[in-house]
Amino acid sequence: MADDAAERAMGLMHREHLPKSHGMLFIYEKEQAKLAFWMRNTLIPLDLLYIDSAGIVQEIHENAVPLDETPIPSNGPRLAVLEINGGLARAMGIKEGAQVQHPAFGDSAEWPCDTK
């Protein structure tokens, strides 16, 4: 979870491995007009999922190239970015329009637990 400026600045830099079921969710205090990420000091390929304030994946940038400093921008306002291993979005069938469940996207975005 990267929900403050220091954590967002560090992100997944300098890591040599990211377990398949892990990632980092970058959450901003308010929706940003445009977000742009780069791969400076990032050693592993990543998929970047740009998420709006409703928790909907709006763009997926697959297999961002390690160490590349070219900005990878969103196409519009976004509240969050989820970084996962490169190729994992496709492998898991995650597509634009998918809903991300997390309290940052409002209470209605949380999936209820089945208590039966």
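This is a short tour of salt bridges, nonpolar cores and pockets, with something to select at each stop.

**Before you start**

The model is predicted: local features need pLDDT of at least 70, side-chain atom pairs count only at pLDDT 80 or more, and totals for chains, interfaces and linings use all residues. Residues are numbered from 1 along each chain as its sequence is written, and side-chain values use heavy atoms, with hydrogens and water left out.

Helices (H or I, at least four residues) and strands (E, at least two) are DSSP runs, numbered from the N terminus.

**Stop 1: the salt bridges**

How many salt bridges does the structure hold? There are three. A salt bridge here is a side-chain nitrogen of Lys or Arg within 4 Å of a carboxyl oxygen of Asp or Glu. For each partner, check the exposure too: buried means under 20% relative accessible area, exposed over 50%, and partly exposed in between (1.4 Å probe, protein chains only).

Select R40 and E69. Their closest N and O atoms are 3.1 Å apart. R40 sits in the loop between β2 (36–37) and β3 (46–51), and E69 in the loop between β4 (57–64) and β5 (72–73), so the pair ties together parts that are 29 residues apart in sequence. R40 is partly exposed, at 32% relative accessibility. E69 is also partly exposed, at 40%.

Next, select E59 and R78. This salt bridge has its closest N and O atoms 2.4 Å apart. It links strand β4, which holds E59, to strand β6 (residues 78–85), which holds R78; the two are 19 residues apart. Are E59 and R78 buried or exposed? Both are buried.

Now select E62 and R90. Here the closest N and O atoms are 2.8 Å apart. E62 belongs to strand β4 and R90 to helix α2 (residues 88–92), 28 residues apart. E62 is partly exposed, with a relative accessible area of 32%, while R90 is exposed at 60%.

**Stop 2: the cores**

In soluble globular proteins, nonpolar side chains tend to be buried together. A nonpolar core is a set of buried Ala, Val, Leu, Ile, Met, Phe, Trp, Tyr and Cys residues joined through side-chain atoms within 4.5 Å.

Select F26, F37, L46, L48, Y50 and V81. These have the most contacts inside the largest nonpolar core, which has 16 residues. Two or more residues of this core come from each of β1 (23–32) and β3. A separate core has 12 residues, among them I27, I51, A89 and V100.

Stay on L46. A contact means heavy atoms within 4.5 Å. Leaving out residues up to four places away in sequence, L46 touches several others, including L12, L18, M39, H61 and E62.

**Stop 3: the pockets**

On a 1 Å grid over the protein atoms alone, a pocket is an open set of points where a 1.4 Å probe fits, with protein on both sides within 12 Å along at least five of seven lines; lining residues have an atom within 4 Å of a point. Grid points are joined across faces, edges and corners, and a volume is the space filled by probe spheres set on the points.

Select S21, L82, I84, M92 and I94. Of the 16 lining residues of the largest pocket, these are the closest to its centre. The space there is about 300 Å³. β6 and α2 each supply at least two lining residues.

Finally, select R8, A9, F26, F37 and W38. They lie nearest the centre of the second largest pocket, which is lined by 14 residues. Its volume is about 200 Å³. Which element gives the largest share of this lining? It is α1, with three residues.
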